[in-house]
Amino acid sequence: MSPEIILGKGHDKAADWWSVGILLFEMLIGQPPFHGGNRDKVQKKIVKDKMKLPVFLSSEAHALLKGLLQKDPNKRLVNRVTGSDEIKNHKLEETGCT
């Protein structure tokens, strides 16, 4: 769940893009970015902890994940004016995701 859902602040399609970021993280790394213990602990980590990205990922993958997993939905990558075009045009050649 995105931070705004956990905090009960309401949500829009930005929460869906958060989920895409979580899925992409899990596909690239093999585990979720926030894990451990029970549901409450995971939710606290989602809201408060900084996401840690492995050094083996390309700078393009880092930029995409950081953009999708912004805790503030207004700063999330595809919540800007260009919308999903930012994802479509994001350079991922070096990650093997194209």
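Analyst: Leu7 has a relative accessible area of 45% and is partly exposed, a class that lies between buried (under 20% relative accessible area) and exposed (over 50%), with a 1.4 Å probe and protein chains only. The model is a predicted one, in which local features need pLDDT of at least 70 and side-chain atom pairs count only at pLDDT 80 or more, whereas totals for chains, interfaces and linings use all residues. Residues are numbered from 1 along each chain as its sequence is written, and side-chain values use heavy atoms, with hydrogens and water left out.

Leu7 sits in the loop between helix H1 (3–6) and H2, where helices (H or I, at least four residues) and strands (E, at least two) are DSSP runs numbered from the N terminus. Although Leu7 and Lys44 are 37 residues apart in sequence, their C-alpha atoms are 9.8 Å apart in space. The protein as a whole has five helices and zero strands, and 34% of its 98 residues count as buried.

Leaving aside residues up to four places away in sequence, Leu53 touches Phe25, His62, Leu65 and Lys66, a contact being heavy atoms within 4.5 Å.

The structure also holds one aromatic pair, which is formed by Trp18 and Phe34 and is stacked, at 6.2 Å centre to centre and with 10° between the planes. For such pairs, rings of Phe, Tyr and Trp (its six-membered ring) need centres within 6.5 Å, and planes under 30 degrees apart count as stacked, over 60 as edge-to-face and the rest as tilted. Because Trp18 lies in helix H2 and Phe34 in the loop between H2 and helix H3 (39–48), the pair ties together parts that are 16 residues apart in sequence. Trp18 counts as buried, at 1% relative accessibility, and Phe34 also counts as buried, at 9% relative accessibility.
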